[in-house]
Amino acid sequence: MPILMNTGIDIELSFNNALQGLGFSKSFAHMLWLPLPMLVVLTAALIGVLATVWLERKISAAAQQRVGPEYAGALGLLQPMADGLKLLVKEDIIPAKADKVLFTLGPILVVIPVVLSWLIVPFGQNLLISNVGIGIFLWIALSSIQPIGLLMSGYASNNKYSLLGGLRAAAQSISYEIPLALSVLAVVMMSNSLSTIDIVNQQNGAGIFSWNIWRQPIGFIIFWICALAECERLPFDLPEAEEELVAGYQTEYAGMKFALFYLGSYINLVLSALLVSILYLGGWGFPVPVEWIASLFKQSIDQAFIQVITASIGIVMTILKTYLLVFLAILLRWTTPRVRIDQLLDLGWKFLLPISLVNLLFTAALKLSFPIAFGG
Amino acid sequence: MTIASTTQQICFFLLTATIVSGALGVVLLSNIVYSAFLLGGVFMGVAGLYLLLNASFVAAAQILVYVGAVNVLILFAIMLVNKKEDLKPIKGLQYRKILSGIVCIGLFILLVRVDLSTPWSIPGPAAIGEESTIRIGEHLFTDYLLPFELASVLLLMAMIGAIVLARRDTIKAQYSIEKDNQSEIINESKTPVLIDQKSIKN
Amino acid sequence: MVDTLSQMLNFLNKVSEYTREAISAGNYLLQGLSVTFDHMRRRPVTVQYPYEKLIPSERYRGRIHYEFDKCIACEVCVRVCPINLPVVDWVMNKETKKKELRNYSIDFGVCIFCGNCVEYCPTNCLSMTEEYELATFDRHSLNYDNVALGRLPTSVTTDPSVQPLRELAYLPKGAMDPHEINPAEARAGKLTSEIVDWMKNNSNQNSTKNKTKDSDKQGD
């Protein structure tokens with residue numbers, strides 16, 4: 001984690017200093033530090049998934065005037081844990097005529113890219129695993145591996161529904177990747193950087209008014225539609241359309257392998273919501289810049305306790321925005337009917353692709369004519 | 001030797017082993033689906049090598065283009081056609097195998113010779129790392145503009161060709177005006193390729 | 001020149017139409033979302049089943065109750081039954097020249113609860129109860145004999161472990177939620193007995209005859 005600016009706290013530095021103070025060598029302190037952020041983010045992702053599963057069940061229940069999970073813990077909070085535990089101890093079934101190696105490899109290939117993409121998700125100025133230069137492009141590249149895992153599990157199940165589901169998932173994934181990448185490109189063009197940190201910093205000049213959603217309203221909608229399609233959520237859940245394909249590529253899966261698919265789809269949903277909030281809703285930024293509030297109370301931004309407050313506000317804002325979007329996704333799930341496969345591809349290729357191209361060109365024109373507002 | 005360089009070396013050997021064994025598997029395995037999946041593995045290994053060379057943008061582009069697009073399309077084609085058929089035994093398969101083996105070994109020896117005879121400048125120029133994205137963009141739009149545009153024109157041609165092949169109704173409309181002896185060929189091309197035509201005739 | 005201009009206008013028209021359609025599609029989506037959102041503030045309609053139960057309606061057709069002592073073994077129930085389901089096991093006592101009933105059974109695994117037997121029974125020995133929890137581990141245990149048929153079900157309202165809830169049609173006027181109503185409050189509309197009274201007062205010339213007998217009682 002390189003120090004980019006003076007604002008924000010640098011936990012790595014203080015951690016290393018603390019260990020060196022205890023008499024360890026610098027390289028040893030660095031080695032101890034390396035796995036820590038990854039573990040923290042992995043735990044955060046898993047807790048995020050548990051929260052999302054709980055929210056999904058509770059909000060779905062509320063939208064359908066039901067009660068939802070109630071008896072596992074207070075308000076059914078432990079229900080996702082119980083689900084996970086059940087899947088953990090279930091028998092691991094591999095169908096007799098299935099291709100055993102590919103059958104096992106499929107769900108792994110689906111989950112790993114999604115988890116790896118958390119590498120670039122920032123929760124604050126210095127709160128991310130690695131500020132890699134290619135930033136958001138890493139996510140686009142990694143998410144393109146997923147269809148291979150889906151095809152693999154669809155093929156290896158030796159089941160026509162699985163194969164059709166896998167093929168549909170891959171077709172959907174590759175056709176929505178393009179408008180997704182183009183709408184990301186428009187944002188990147190405005191911030192002159194692929195790094196997620198720079199993208200957020202560029203949006204936090206004037207609080208809520210400088211967020212990208214005002215400059216890229218069309219891009220925001222395109223990105224959100226494509227993100228839903230990439231996550232295979234309703235209205236785009238055709239790969240696992242239960243009325244026609246049983247459960248798509250998951251049909252033959254049970255136990256922990258099924259749990260990996262389940263986990264993958266929910267991590268992907270949370271990740272997509274996080275990226276929408278980073279790209280369009282100002283990431284960790286508070287609607288009113290924290291610097292302004294600090295100067296209002298005549299406090300220096302470099303004070304330790306203000307930095308702690310800033311960091312906590314950043315994390316809370318990121319999570320708040322993300323879960324607002326997750327809520328929207330769940331609401332959409334119970335509002336929209338599933339589209340047909342031809343409608344899906346039509347929407348992707350004939351509507352989103354041209355519009356995102358036009359959006360990109362328009363952004364370029366605006367950037368040239370109003371370099372102040374659109375990041376010259 | 002520091003920890004970093006040891007890790008780098010271990011990664012290098014692991015990646016090389018993956019690439020070589022994967023590539024051999026692509027060629028030698030009889031199941032075409034396995035070959036296609038292994039091809040994806042080889043592409044990812046190559047991306048890993050780029051990462052080791054500090055070229056993260058090229059690595060990501062490699063994954064996006066080769067794994068995410070090319071390999072998925074190959075898999076798509078294989079799975080959509082997925083027709084099990086017994087191939088006829090080819091005459092003199094043994095001799096052919098030996099012949100191609102000799103050619104391959106010759107090429108390999110050539111490569112090894114190039115490798116040994118080239119004066120490699122180790123440790124090469126310093127990697128530009130994060131800046132590479134900008135450099136690549138600059139090069140693509142200045143000194144490599146012509147190859148870049150030519151490649152895009154080539155892709156456009158391929159795309160139009162694919163559309164023309166896939167949309168047979170446009171061909172039919174054009175040729176029906178001429179009404180020459182080509183109509184039979186056109187009719188034949190209109191029948192779906194995926195259906196076994198022999199079984200229809202019988 | 002004019003041709004190209006009209007072509008361009010045509011194109012622009014198409015674009016504007018396309019945009020309008022896209023916007024209206026988004027509008028419809030927002031309307032749908034608002035409907036879903038509105039549902040979230042409504043109270044759940046769920047009945048927490050083993051702890052709460054709906055009170056069956058007054059003419060609910062549940063498991064059939066049978067009184068052995070009233071039965072005259074006439075077999076009318078068998079004849080009106082769509083599938084001749086009740087098994088009436090009787091023998092002729094030659095001395096008294098009367099039917100002697102030995103056994104009576106109905107298989108509720110087959111019964112469709114149409115209520116024809118109850119309707120036609122001349123001695124009213126058959127009646128419908130409000131029992132509906134007939135699940136068993138073995139379908140043969142659904143074949144009730146006269147002892148089982150003679151048992152009275154536990155009423156939802158008297159069971160101490162169950163909170164009885166009124167059905168929607170039995171709620172007071174304006175109430176939508178059975179959880180928060182006063183049990184003393186009467187349901188919306190007239191009760192059956194009130195209707196009967198009203199009919200009596202209204203048409204005195206007809207009141208000599210029937211109509212009061214079968215609709216004697218009702219409860220919420």
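## A walk through three chains

Start with the largest nonpolar core: out of its 116 residues, Val184(A), Phe223(A), Val270(A) and Val276(A) touch the most other members. A nonpolar core here is a set of buried Ala, Val, Leu, Ile, Met, Phe, Trp, Tyr and Cys residues joined through C-beta atoms within 7 Å. Buried means that 20 or more other C-beta atoms lie within 10 Å of the residue's own; with 12 or fewer a residue is exposed, and in between it is partly exposed, the C-beta atoms being placed from the backbone. The biggest giver to this core is helix H8 (residues 160-191) of chain A, with 16 residues. Helices (H or I, at least four residues) and strands (E, at least two) are DSSP runs, numbered from the N terminus.

Keep in mind that this is a predicted model: local features need pLDDT of at least 70 and side-chain atom pairs count only at pLDDT 80 or more, while totals for chains, interfaces and linings use all residues. Residues are numbered from 1 along each chain as its sequence is written, and chains are lettered from A and ligands numbered from 1 in the order in which they are written.

Now zoom in on Val276(A). Setting aside neighbours within four places in sequence, Val276(A) is in contact with Phe223(A), Trp224(A), Ala227(A), Leu281(A) and Leu325(A). Contact means that the C-beta atoms of two residues, placed from the backbone, lie within 7 Å.

How do the chains meet? Two pairs of chains touch, and the most contacts are between chains A and B. That contact takes 19 residues from chain B and 22 residues from chain A. On the chain B side, the elements giving two or more residues are helix H2 (32-52) and helix H3 (56-81), and H3(B) gives the most, with 13 residues. By type, the chain B side splits into 13 nonpolar, five polar and one charged. For the counting, Ala, Val, Leu, Ile, Met, Phe, Trp, Tyr, Cys and Pro are nonpolar, Asp, Glu, Lys and Arg are charged, and the others, Gly among them, are polar.

Between chains A and C, the contact takes ten residues from chain A and eleven residues from chain C. Helix H3 (35-63) and helix H15 (304-333) of chain A are the elements giving two or more residues to the chain A side, whose residues divide into six nonpolar, three polar and one charged. Chains B and C share no contact, and their closest C-alpha atoms lie 23 Å apart.

Chain B itself has nine helices and zero strands. Of its 202 residues, 13% are buried. Among its contacts with a separation of 6 or more, 44% come from residues 24 or more positions apart.

For strands, turn to chain C, where three of them form an open antiparallel sheet in the order E3-E4-E6. E3 and strand E6 (143-144) of chain C are at the edges, each with a single partner strand, so one side of each has no neighbour in the sheet. Strands count as paired if DSSP finds at least two bridges between them; E3(C) and strand E4 (residues 98-107) of chain C, running antiparallel, are joined by seven. In E4(C), Asn103(C) is the bridge partner of Asp89(C), and Lys98(C) stands opposite Asn93(C). The two strands form a hairpin with four residues between them, and Lys97(C) in the turn has a positive phi of about 55°.
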